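Reader: Hi! Could you walk me through this one with me? I'd like to go through the side chains and the strands.

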Amino acid sequence: MSKIFFILFIIASVGLGQTVKLTISSNSPDAGIFINGKLVGQTSVILQVEQHKKYAISIKEDILQYNSQIINDTIHVSDTNINKHYTFKKSKYLTTYPSNVTVQRNNQIIGKTPLFLNDISGNILLFKTGYSSQSISYAQINNIPIRLEPVKIQKEVKFTDTIWFKVFLGSAVVLGGTAAYYKIRADDNYDSYLQTGNQAFKDKTDDYDMISGIAFGLLQINFGYLIYGFVTE
């Protein structure tokens, strides 16, 4: 019986720790290859891995390039050698000035610049607050950043700097002077009427009072527009 247990132990010991060859390659010469989060090589690697284990594979298209394409995979190792080749789709690196521009395609946001884009059909929309949006095709993407022009914000003009303020202010001076002048003329003619009883002085008094009243009424309207301009500024 002890011999049987010894034989089984030897068989089990031989089975423990056995490895197989794992080959990983890609079509990118600058690819970084990671296994279980650890960098194990570039472009292609050949490793000995334990049988009957699971490994998380990540291949970054360009290990030195920020935001480059990444392919993730999981490999379940059996008892045979494994050869895995990963192909990155053709892509372009979209950069903009300014950066952090939102990229939208078919009414869906796909990211913000800088951004790698696979070969796509149709146009993409670039937009950012404070800048004019721009629609471009995949063919227009090259090594030169796409420039978005800042939106020109119209400077708010103060009411006191407008021509209307000057018109209302000038007319207020004219109307005020006119009202005062004809009111004085009316008072003088009324005094003459009281002294002489001449009806002509009374008629002139009425005429001057009317002109003074019209000028004063227009002055009130003029002040109303001035006040409205200050309040709504």
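Predicted model: local features only at pLDDT ≥ 70, side-chain atom pairs only at ≥ 80, totals over all residues.

Reader: Good, thanks. With that numbering, where does E61 lie?

Author: E61 is in the loop that runs between β5 (54-60) and β6 (70-76).

Reader: And is E61 buried or exposed?

Author: E61 is buried, and yet it has no salt bridge. The nearest side chain of opposite charge is K60, 10.0 Å away.

Reader: Which residues does E61 touch, then?

Author: Leaving out residues up to four places away in sequence, E61 touches S28, D30, A31, S68, Q69, F88, S91 and F116.

Reader: Why would you say that the Y93 and F116 pair ties parts together?

Author: Because Y93 lies in strand β8 (residues 91-94) while F116 lies in strand β12 (residues 115-118), the pair ties together parts that are 23 residues apart in sequence.

Reader: Is F116 buried or exposed?

Author: F116 counts as buried, at 19% relative accessibility. The cut-off for buried is under 20%.

Reader: What about the rings of Y181 and Y182?

Author: Their centres are 5.1 Å apart and their planes are at 85°, so that pair is edge-to-face. Y181 is partly exposed, with a relative accessible area of 43%. Y182 also counts as partly exposed, at 24% relative accessibility.

Reader: Which residues do ring pairs link into a cluster?

Author: The cluster is made of Y181, Y182 and Y208, linked by ring pairs.

Reader: Nice. Switching to charges: how many salt bridges does a search of the whole structure find?

Author: The whole-structure search gives five salt bridges. Among them is the one that K183 forms with D187, where the closest N and O atoms are 3.8 Å apart.

Reader: Where do K183 and D187 sit?

Author: Both belong to helix α2 (residues 163-196), and because they are four residues apart there, about one helical turn separates them. K183 is partly exposed, with a relative accessible area of 38%, and D187 counts as partly exposed at 37% relative accessibility.

Reader: Which other salt bridge does K183 form?

Author: K183 forms a salt bridge with D209 as well, and there the closest N and O atoms are 3.6 Å apart. K183 lies in helix α2 and D209 in helix α3 (residues 199-231), so this pair ties together parts that are 26 residues apart in sequence. D209 is partly exposed, its relative accessible area being 30%.

Reader: Now the strands. In what order do the four strands of the open sheet come?

Author: The order is β11-β10-β13-β14, and the pairing is antiparallel. β11 (108-112) and β14 (134-137) stand at the edges with a single partner strand each, so one side of each is left without a neighbour in the sheet. On average, neighbouring strands of this sheet are turned by 30° against each other, direction ignored.

Reader: How many bridges join β10 to β11?

Author: Four bridges join strand β10 (residues 102-105) to β11, and the two run antiparallel. As for the partners, V103 has G111 in β11 as its bridge partner.

Reader: Last one: where is I82, and what does it touch?

Author: I82 is in strand β7 (residues 82-86). At 16% relative accessibility, I82 counts as buried. Not counting residues up to four places away in sequence, I82 touches K21, L22, T23, I75, H76 and V77.

Notes:
Residues numbered from 1 in each chain as written. Heavy atoms only, no water. Buried < 20%, exposed > 50% of the residue type's maximum accessible area, 1.4 Å probe, protein only. Phe/Tyr/Trp six-rings, centres within 6.5 Å; stacked < 30°, edge-to-face > 60°. Pairing = 2+ DSSP bridges. Axes fitted to C-alpha atoms, helices over the stretch in contact; angles between N-to-C directions. Lys, Arg positive; Asp, Glu negative; His and termini not counted. Salt bridge = Lys/Arg side-chain N within 4 Å of Asp/Glu carboxyl O. Contact = heavy atoms within 4.5 Å.
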